[in-house]
Amino acid sequence: MPPHLKLYNTMTRSVDEFHPIEPPTVRLYTCGPTVYNFAHIGNLRTYVFEDVLKRVLLESGYDLRHVMNVTDVGHLTDDADSGEDKMEKGAAREGKSVWEIAQFYWDAFRKDMKRLNLIAPDVWCRATDHIAEQIETVRTLEEKGYTYLIDDGVYFDTSKLDDYGKLARLDVSGLQAGKRIEVAAGKKNPTDFALWKLSPKDKKRLMEWESPWGVGFPGWHLECSTMAVKYLGERLDIHCGGVDHVSVHHTNEIAQAESVLGHKWCNVWLHGEFLTMPRGEDGQADRMSKSSGEFLTLDTLIGRGYDPLAYRYFLLNAHYRQQLAFTWEGLDAASAAMKNLKRAVLELRGHYTGDEKPFAAHLDAFLAAARNDLNMPQALAAMWRAVKDTGAPKGEIYATLLEMDKLLGLGIAEMRSERLAVSDDEIRRLLDERTAARAQKNFARADEIRDSLAGMGIEIMDSPEGTTWRKR
Ligand code: AMP
Ligand code: ZN
């Protein structure tokens, strides 16, 4: 029996104990990037949260099957089926073909994933590789009577479902009355959405396909329902994305999938909160987005001298269901914490023979936090308690950190002294402190400083004339 794992389910609005449908298999689908631009660091927050979830599931002993899509068609600049296709917009911006744009930004995304230590999905699936399957989904929905055709395309009639909007607890009748969503001509209900959009009659689109309803392209929500069922079967354990997906994208994925399947589709829905940017004089925070404001990518951070894993640390230090404001000061604090961690790791590693077992009390506290709805800030606190536990054998603490890193993904085993930019001033300050400690007969502190310098690759030599040092 895997240990208890509790997750907040957007569908039930409560933290529930997690039980897979067919243990030990866990089927996970996460909505992937729209590859028309670099991912911004807000998008990456969502992928880091999903990575932590994956690591917790793997650590709990589950046999994880993870599928992630790549949106390379159909995602419009506005979630309500109007606006431009983001891919075509990207291609026009860069004077390249949509296919080149898709390949370039998908590669860039995978590079970001590697740099953030994100475990790759078992299956990547591109929307444009699954056009036939998506058309098949629309045909099934049509046969079952869920669709109607208007000038603009084939639409899903949401009034056919009693429970449409259950994930977001949408007040559908309120929407009907207020008509807050812009409506395409002929749309029957404001919440109806496009399954297949027809190409404009006077214009050839860069990406379009033949279909039983005419030349056009799939609606954005269709790819996820179709590919999730294709690769993970009729019942899904967990589906994730950012909070912005709750009211439209995931709501419509559920409508499509459950209408095709005729039964409940996914058990647990997890949503990561936004990364925000402080903005304006009033200090109001806005969601980071690709279309507005400062657009920060992982490359921007690297260009300013930050380690991508310091950004990962910054994210782990906030709970995934809380909004997190990005600030450079916050990232500096995370970088400083990573530096301290590296220093401790290098020192502790010197005492590790490879035989030591993790220190159970610290590891248990860490895992309990992580399994409690992925409470990584608390898990990090448990990690620091372990690092600072001077009473415990150092080799065991190092073994503990290696175990913890299976969830943290901070690259503890790979931490090397050359990555620590320790200045000569800092070395001299530590040596002075050590000399003072020795003079006060505080040999424990003096040895600690020697060990931590050794961990940084600094060897010190004592002689009657004083202490000298060299870099190994
Ligand atoms: P997109 O590439 O626009 O489809 O978005 C990729 C993922 O990033 C989705 O799961 C979004 O919900 C998520 N996302 C978008 N903006 C933010 C943000 N500011 N903070 C966190 N996640 C976001
Ligand atoms: Zn999706």
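**Helix 12 and helix 13**

I began with how helix 12 and helix 13 run, and they are roughly antiparallel to each other, a label for angles over 145 degrees. In this predicted model, local features need pLDDT of at least 70, side-chain atom pairs count only at pLDDT 80 or more, and totals for chains, interfaces and linings use all residues. I noted the conventions too: residues are numbered from 1 along each chain as its sequence is written, chains are lettered from A and ligands numbered from 1 in the order in which they are written, and side-chain values use heavy atoms, with hydrogens and water left out.

The angle I looked up for residues 376-387 (helix 12) against residues 394-408 (helix 13) is about 165 degrees, and the axes are 10 Å apart. Axes here are lines fitted to C-alpha atoms, for helices over the stretch in contact, and angles run from 0 to 180 degrees between N-to-C directions. Helices are DSSP runs of H or I with at least four residues, strands are runs of E with at least two, and both are numbered from the N terminus.

The crossing of helix 12 past helix 13 is left-handed, that is, the near helix is turned anticlockwise from the far one by less than a right angle. On the helix 12 side I listed M376, L380, A382, M383, A386 and V387, and on the helix 13 side I397, L401, M404, L407 and L408; contact means heavy atoms within 4.5 Å. By class I found eleven nonpolar residues here, no polar and no charged. For these classes, Ala, Val, Leu, Ile, Met, Phe, Trp, Tyr, Cys and Pro count as nonpolar, Asp, Glu, Lys and Arg as charged, and the others, Gly among them, as polar.

**Two other helix pairs**

Next I took helix 1 (residues 41-59) with helix 9 (residues 308-316), which pack at about 75 degrees with axes 10 Å apart. That makes the two roughly perpendicular, the label for 65 to 115 degrees. Helix 1 brings I41, G42, L44, R45, V48, D51, V52 and R55, and helix 9 brings Y311, R312, L315 and L316. I noted seven nonpolar, one polar and four charged residues in this contact.

Helix 4 (residues 131-143) and helix 6 (residues 220-232) have axes that come within 9 Å and cross at roughly 100 degrees. This pair is therefore roughly perpendicular as well. E133, Q134, T137 and V138 of helix 4 meet L222, E223, T226 and K230 of helix 6. The classes are two nonpolar, three polar and three charged.

**Ligand 1**

I found 18 residues around ligand 1, with G42, T46, D244, L275 and M288 the closest; a residue is near if one of its heavy atoms lies within 4 Å. Backbone N or O atoms approach nitrogen atoms of the ligand at G42 (3.0 Å) and at L275 (2.8 Å). From the side chain of N43, an N or O atom is 3.0 Å from a ligand oxygen.

P23 and P24 are joined by a cis peptide bond, omega about 5 degrees. P24 sits in the loop between strand 2 (14-17) and strand 3 (25-30).

I also checked R169, a residue other than glycine with positive phi, near 50 degrees, in the loop between strand 7 (153-156) and helix 5 (172-178). Beyond four places in sequence, R169 contacts M11, T12 and R13.

D373 is not a glycine either, yet has a positive phi of about 50 degrees. I placed D373 in the loop between helix 11 (360-371) and helix 12.

Methods
Parallel < 35°, antiparallel > 145°, perpendicular 65-115°, else oblique. Polar contact = N/O pair within 3.5 Å; in protein donor to acceptor, adjacent residues only side chain to side chain.
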